[in-house]
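Visitor: Please take a close look at a single part of this model, namely the place where the two copies of the chain meet. A connected account would be appreciated.

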There are 2 protein chains.
Amino acid sequence: MRNKGLAKLGDSLVNLCYSLAKSEVLKEPTGEKVRDSILARAIRDTLVYNSIGRRTDSGTAADAYEAIMAYLWLTGNLTIESIVSNLVQELDIDSATNRKQEGEIASRAFQKLLLSSMSFLPRQSE
Amino acid sequence: MRNKGLAKLGDSLVNLCYSLAKSEVLKEPTGEKVRDSILARAIRDTLVYNSIGRRTDSGTAADAYEAIMAYLWLTGNLTIESIVSNLVQELDIDSATNRKQEGEIASRAFQKLLLSSMSFLPRQSE
């Protein structure tokens with residue numbers, strides 16, 4: 001999952017899904033660029049993370065997250081609707097939630113999404 | 001179509017659709033942030049543009065474009081698939097196309113998409 005193009009596509013996908021989920025939770029349309037640090041936190045402490053090497057910076061870890069989502073979406077294992085509903089379930093925020101709190105909540109939501117999607121990933125060769 | 005939240009959601013939508021269309025044309029996954037200038041050019045010289053005021057800067061014009069797309073998508077008049085296939089038809093680029101050329105081609109593709117979608121828009125009040 002080190003494909004840069006796949007990560008760039010995944011970046012757009014993740015931003016759209018998060019924007020939709022946040023719009024649904026806040027009950028008004030909004031858009032958001034999901035920061036690398038949020039996705040990096042989401043992928044750390046997962047089995048997937050071991051396979052990309054432990055000492056990666058946030059950008060590399062986030063790229064891995066984005067590439068995985070793009071891959072699962074392009075292969076038909078995830079839909080935008082399923083990603084959004086998965087995120088919405090965990091996104092316990094309101095208009096008073098500050099940026100730092102939202103980042104932590106978003107990170108957990110993205111981690112749960114990843115964990116629930118791992119069964120669709122091809123097995124890592126050792 | 002001056003809703004800022006709608007424009008932000010539309011920003012994510014436009015970026016994802018363009019990324020998908022470009023991936024399809026180049027036959028490899030890639031992602032792209034569509035510049036304001038591209039969307040601004042796409043919306044100028046259209047009837048929609050008259051309604052937002054002629055002397056707007058690129059950011060405002062692009063916001064209007066993005067808000068329209070988000071609106072049409074949220075109301076079920078456009079799907080991601082239909083937006084992407086519409087863009088793909090016009091996106092005559094390859095790996096040798098430079099950034100400036102791609103911008104012009106993308107602008108025309110987004111303009112055609114807008115023109116073909118205008119019938120779904122509510123009529124402007126005078």
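**The two copies and their contact**

Guide: Chain B is superposed on chain A by a rotation of 180 degrees, with 0.0 Å of shift along its axis and an RMSD of 0.0 Å; the superposition is by least squares on the C-alpha atoms of residues with pLDDT of at least 70 in both copies. The two copies are thus related as by a two-fold rotation axis. Within chain B, Ser12(B) has the C-alpha nearest that axis, at 3.2 Å.

This is a predicted model, in which local features need pLDDT of at least 70 and side-chain atom pairs count only at pLDDT 80 or more, while totals for chains, interfaces and linings use all residues. Residues are numbered from 1 along each chain as its sequence is written, and chains are lettered from A and ligands numbered from 1 in the order in which they are written.

To the contact, chain B gives 17 residues and chain A gives 17 residues, two residues being in contact if their C-beta atoms, placed from the backbone, lie within 7 Å. On the side of chain B that touches chain A, helix H1 (residues 4-26) of chain B supplies the largest share, 11 residues; helices are DSSP runs (H or I, at least four residues), numbered from the N terminus. That side of chain B divides into six nonpolar, eight polar and three charged residues, where Ala, Val, Leu, Ile, Met, Phe, Trp, Tyr, Cys and Pro count as nonpolar, Asp, Glu, Lys and Arg as charged, and the others, Gly among them, as polar. Because 100% of the interface residues of chain B are also interface residues in chain A, the copies meet through the same surface.

How values were computed:
Helices (H or I, at least four residues) and strands (E, at least two) are DSSP runs, numbered from the N terminus.
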